[in-house]
Amino acid sequence: MAAADTTPQQTDVPTREVAKRVFAAELNTATYTFKTSQDERAPVYVALPTGERANRICIAGTVTDIEDVGESAEYLRARVVDPTGTFWVYAGEYQTDALKQLKKVQAPEFVTIVGKPRTYKTDDGSVNVSVVPEDVGVIHLETRNAWVYETAARTLERVHSAQETSPKVAALAREQYGHDGSSFAHVAAFALQDLLNVSGHDAVSGTSLDEEAFEKRLLEVESEDSAESSGDDVDDAADLESESLSPEELGKQLGDPSGVDSESG
């Protein structure tokens with residue numbers, strides 16, 4: 001009798017990409033989407049104006065309204081507001097867990113949402129950006145404040161380092177949006193100042209960043225110049241291929257278990 005093969009078998013287990021923290025003001029201008037290959041199951045990315053790509057995002061804010069906009073099936077649209085603007089979140093039959101979670105939210109409540117950014121064309125030909133949720137959670141004010149603080153920090157990091165860490169995407173973003181994204185440093189500064197004005201220094205209590213670091217962030221934003229553009233992307237994937245999803249396709253990506261989560265970050 002042959003001995004059993006005890007050699008460990010490698011399995012190709014899909015891993016999710018890290019969810020990028022992004023403010024509404026930036027996400028709503030991230031209208032260009034692309035794939036890194038022509039594979040039907042390849043991940044769909046938005047090119048963030050600050051120079052990085054995002055397949056998943058982490059947002060937070062106040063839910064001000066939830067409406068069922070479905071025709072033949074339940075399809076919820078939530079309006080989520082952060083200090084810089086509004087996120088539009090859509091959940092339907094393909095986002096079963098997120099839909100159940102969203103139905104429990106009572107406006108106005110603070111929420112945090114991890115999901116997929118999606119673009120769609122309106123009747124007048126303009127491109128809007130929405131979020132297809134994977135997970136929705138009701139949070140406290142302190143958690144919302146921590147999200148604002150950390151998102152400002154991540155935004156500033158992208159502004160000042162993306163051209164070195166992801167130059168190909170940064171160049172693509174400049175080409176598509178006509179600027180280098182440095183203006184979002186001021187968006188981050190506005191969010192920090194708003195946090196300070198509304199909640200005071202107590203807003204940073206319990207976060208990983210203290211009051212001294214908070215003030216330093218504001219001073220840095222006021223004094224720093226825009227970073228210079230340069231370089232090629234460290235990602236040697238296939239040529240970038242643009243893709244814009246229609247309204248009917250919103251939410252359906254998550255309904256395919258073999259779909260856009262297949263590439264690791």
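**Overall architecture**

The structure is a predicted model. Its protein chain contains six helices and ten strands. The chain has 265 residues, and 42% of them count as buried. Among contacts with a separation of 6 or more, 71% are made by residues 24 or more positions apart. The chain exposes about 13800 Å², of which carbon and sulfur atoms supply 46%.

In soluble globular proteins, nonpolar side chains tend to be buried together. Here, the largest nonpolar core has 48 residues, and the members that touch the most others are I59, I113 and W147. Helix α3, residues 141-165, provides the largest share of this core, with six residues.

Leaving aside residues up to four places away in sequence, W147 touches R21, V22, F23, C58, I59, A60, D82 and F87. V148 also belongs to helix α3. V148 is buried, and its relative accessible area is 0%. With the same exclusion of residues up to four places away in sequence, V148 touches F23, P83, A191 and L195. The C-alpha atoms of V148 and I59 are 9.2 Å apart, although 89 residues separate the two along the chain.

| Helix | Residues | Buried residues | Packing elements |
|---|---|---|---|
| α2 | 96-103 | A98, L99, L102 | β5 (57-68), β6 (76-82), β7 (85-91), β9 (127-138) |

Helix α2 has A98, L99 and L102 as its buried residues. Viewed down the axis of α2, the buried residues fall within an arc of 100 degrees, so they line one face of the helix. An α-helix has 3.6 residues a turn, so residues three or four places apart point the same way. The face of α2 turned away from the buried side carries D97 and K100, which are exposed.

Just after α4, G178 adopts a positive phi of about 80 degrees.

The structure holds five aromatic pairs. In one of them, the ring centres of Y90 and Y120 lie 6.5 Å apart and the planes meet at 80 degrees, so the pair is edge-to-face. Y90 lies in strand β7 and Y120 in strand β8, residues 109-121, so this pair ties together parts that are 30 residues apart in sequence. Both Y90 and Y120 are buried.

Ring pairs also join Y32, F34 and Y45 into a cluster. Over the face of Y45 lies R53, at 4.2 Å from the ring centre.

**A cis peptide bond**

Most residues other than glycine have a negative phi, and most peptide bonds are trans. The peptide bond from A107 to P108, by contrast, is cis, with omega near -5 degrees. P108 is located in the loop between α2 and β8.

Technical notes:
Residues numbered from 1 in each chain as written. Predicted model: local features only at pLDDT ≥ 70, side-chain atom pairs only at ≥ 80, totals over all residues. Heavy atoms only, no water. Helix = DSSP H or I, 4+ residues; strand = E, 2+ residues; numbered from the N terminus. Buried < 20%, exposed > 50% of the residue type's maximum accessible area, 1.4 Å probe, protein only. Contact = heavy atoms within 4.5 Å. Areas by Shrake-Rupley, 256 points an atom, 1.4 Å probe, with all protein chains shown as cover. Core = buried A, V, L, I, M, F, W, Y, C linked by side-chain atoms within 4.5 Å. Arc of directions from axis to C-beta. Phe/Tyr/Trp six-rings, centres within 6.5 Å; stacked < 30°, edge-to-face > 60°. Lys NZ or Arg CZ within 6 Å of the ring centre and 35° of its normal.
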